[in-house]
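Here is a short briefing on strand pairing and helix packing. Please keep the sequence and the structure side by side while reading.

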Amino acid sequence: MNQPTPKQLLVDGYEIVIGLEIHCQLNTNSKIFSPAATKFGQEPNTQANIIDLALPGVLPVLNKEVVAKAIMFGLGVNAKIGMLNAFDRKNYFYPDLPKGYQISQMAHPIVGEGYIDIVVNEGEKNEYTKRIGITRAHLEEDAGKSVHDAVPHMTGIDLNRAGTPLIEIVSEPDMRSAAEAVAYVKAIHQLVTWLGISDAIMAEGSFRADCNVSVRKPNEPLGTRNELKNLNSFRFIEMAINAEIERQIDVIEDGGKVIQATRLYDPATNTTKAMRSKEEAHDYRYFPDPDLLPVQIEEADFHAINASMPELPVARRKRFMSEFGLSEYDSRILTASRELADFFEQVVQKVGKAHAKICANWVMGDLLGALNKDEKTITESPISVAQFAQLIERITDNTLSGKLAKQAFVALFAGEGGDTDNAVDNIIRDKGLKQETDTGAIQAMVEEVLKNNQAMVDEYKGGKEKAFNGLVGQVMKASKGKANPAQVNELLKKLLG
């Protein structure tokens, strides 16, 4: 069982208070208010149409698909759904915002209060679970991008991202360490990819976090927060938060006062730098967007979306434990992604629940190890479900020993055996990997080894247990690794008396 949450995590006598705003791009083919494409990496300004450019007289039209994806997220975090929600204008000037305002949701967001449970320090002795409150999640459009030094001493504007659909997920200030913040971001990242509502590729900017950090002495009022903008990797989130914690404590300890601001993290120096003073909501002069009607979600649509929800990670993890007898650790690894969980379960369906544990061991060990080495995901696995299931079947029916199975796996991963469900059998035949299970043949080898290794026999009979392993090794060598190890052990013990 997980340990309880630590009552208080202090740094140099200060309590850390962290809240996050995650911007997650929804994986629609077109933008939130225009039919322009959302494909990543296209030539600048080739995916911005007249609506994105805010030409006079154009009107936004809401993409219905983003509403469905936002509802799915809300259901995934146990949140209240705003069956009546509305869009507002968030007014500010910036070169990559052609309209001079961003269409967002302020007063009536589509997703209300919810929560998600996170695992902190996963796999370590001090692992614990914690519930993080979610204040709201609202739909909005992304801005374009300023490209500095596209031409020497100039800044270019790329409006391809302008109007890209986002869901902004705002947490409660419930996190008390960088480790908790990273665990929370990972949990949200897993959820949105599991639901299939976002690819959440952080390197492409489709999943990024703003971290609000403050420090205070225990039981004192909340400190002044600073916002760390646009962090797009788990590692940078942790490093940036820790750097900002250290900076704020140093300011206070030196007799200064923390000033509310937006800051950027510089990984080269591992420091945060002031970007601008932090605006409050009233500075943006929010008001209802007159070009967009409020969104009324019909009960029938809501129930259809609810019915389409996949089994969520926590529920699937618990089912793997109860149905397949797996440990919590194994179940957590196997549900790291929906695709991995599907692969494992499909293999188990083919070989039977009785062999779920051996399936889990081979997926977590050899398969994930080989994929990680090649920097591939389970969806890029060169081994199909049917091929992997056949490998497990040949282990469980004693065609392959553990050692021979590893040789077969390497060949299978390399694409040998052909693009067929019978690839494993082809490899066994072509490489002569079939395990020797004939008792008479194995006994003959055992007797020959005992005859030629009298010194080891005497050592074993004299009480040296390690000598037995040496004899096993000699038999396996004589059989070129093909003798059934269990039979070798049994016959050796029998013949040694």
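## Strand 2 and its partners

Strand 2 pairs with strand 11 (residues 207–216) in the antiparallel sense, over 10 bridges. The model is a predicted one.

**Pairing of strand 2**

- Isoleucine 22 has isoleucine 169 of strand 10 as its bridge partner.
- Strand 1 (residues 10–11) runs antiparallel to strand 2 and is joined to it by 2 bridges.
- Here leucine 10 stands opposite glutamate 15 of strand 2.
- Strands 1 and 2 form a hairpin, with 2 residues between them.
- Aspartate 12, in the turn of this hairpin, has a positive phi of about 55°.

**Burial of strand 2**

- Is strand 2 (residues 14–25) mostly covered or mostly uncovered? It is mostly covered, with 12 of its 12 residues buried.
- In a regular strand, side chains alternate between the two faces of the sheet.
- In strand 2, Tyr14, Ile16, Ile18, Leu20, Ile22 and Cys24 point one way.
- Glu15, Val17, Gly19, Glu21, His23 and Gln25 point the other way.
- The residues of both sets are all buried.

**Other strand pairings**

- Strands of a sheet pair through backbone hydrogen bonds, in a parallel or an antiparallel sense.
- An open sheet of 3 strands has the order 5-4-15, with antiparallel pairing.
- Strand 5 (101–104) and strand 15 (287–288) stand at its edges; each has a single partner strand, so one side of each is left without a neighbour in the sheet.
- Strand 4 (residues 88–91) and strand 5 run antiparallel and are joined by 4 bridges.
- Aspartate 88 has serine 104 of strand 5 as its bridge partner.
- Strand 6 (residues 114–120) has 5 of its 7 residues buried, so this strand is largely enclosed by the rest of the structure.
- Strand 6 is joined by 7 bridges to strand 7 (residues 128–141), and the two run antiparallel.

- Helix 9 (residues 385–396) packs on helix 10 (residues 402–413) at an angle of about 165°, and the axes are 11 Å apart.
- That angle makes helix 9 roughly antiparallel to helix 10.
- Helix 9 passes helix 10 in a right-handed crossing.
- Helix 9 contributes Gln387, Phe388, Leu391 and Ile395 to the contact, and helix 10 contributes Ala405, Ala408, Phe409 and Leu412.
- By class, the residues of this contact are 7 nonpolar, 1 polar and no charged.
- Helix 8 (residues 356–373) packs on helix 9 at an angle of about 120°, with the axes 11 Å apart.
- Helix 8 is therefore oblique to helix 9.
- The crossing of helix 8 and helix 9 is right-handed.
- Ile358, Cys359, Trp362, Val363 and Leu367 of helix 8 meet Phe388, Leu391, Ile392, Ile395 and Thr396 of helix 9.
- The contact of helix 8 with helix 9 holds 9 nonpolar residues, 1 polar and no charged.

**Helix 5 with helix 7**

- Helix 5 (residues 313–324) and helix 7 (residues 338–351) pack at an angle of about 20°, with their axes 12 Å apart.
- Helix 5 is thus roughly parallel to helix 7.
- Their crossing is left-handed.
- From helix 5, the contact uses Arg316, Arg319, Phe320 and Phe324.
- From helix 7, the contact uses Arg338, Ala341, Asp342, Phe344, Glu345 and Val348.
- How do the residues of this contact divide, and how many are charged? They divide into 5 nonpolar, no polar and 5 charged.

**A loop residue**

- Glutamate 298 lies in the loop between strand 16 (295–296) and helix 4 (299–307).
- Glutamate 298 counts as partly exposed because its relative accessibility is 47%.
- Glutamate 298 and glutamate 448 are 150 residues apart in sequence. In space they are 80 Å apart, C-alpha to C-alpha.

Methods: Residues are numbered from 1 along each chain as its sequence is written. This is a predicted model: local features need pLDDT of at least 70, side-chain atom pairs count only at pLDDT 80 or more; totals for chains, interfaces and linings use all residues. Side-chain values use heavy atoms; hydrogens and water are left out. Axes are lines fitted to C-alpha atoms, for helices over the stretch in contact, and angles run from 0 to 180 degrees between N-to-C directions. Angles under 35 degrees count as roughly parallel, over 145 as roughly antiparallel, 65 to 115 as roughly perpendicular and the rest as oblique. A crossing is left-handed if the near helix is turned anticlockwise from the far one by less than a right angle, and right-handed if clockwise. Contact means heavy atoms within 4.5 Å. Ala, Val, Leu, Ile, Met, Phe, Trp, Tyr, Cys and Pro count as nonpolar, Asp, Glu, Lys and Arg as charged, and the others, Gly among them, as polar. Buried means under 20% relative accessible area, exposed over 50%, partly exposed in between (1.4 Å probe, protein chains only). Two strands pair if DSSP finds at least two bridges between them.
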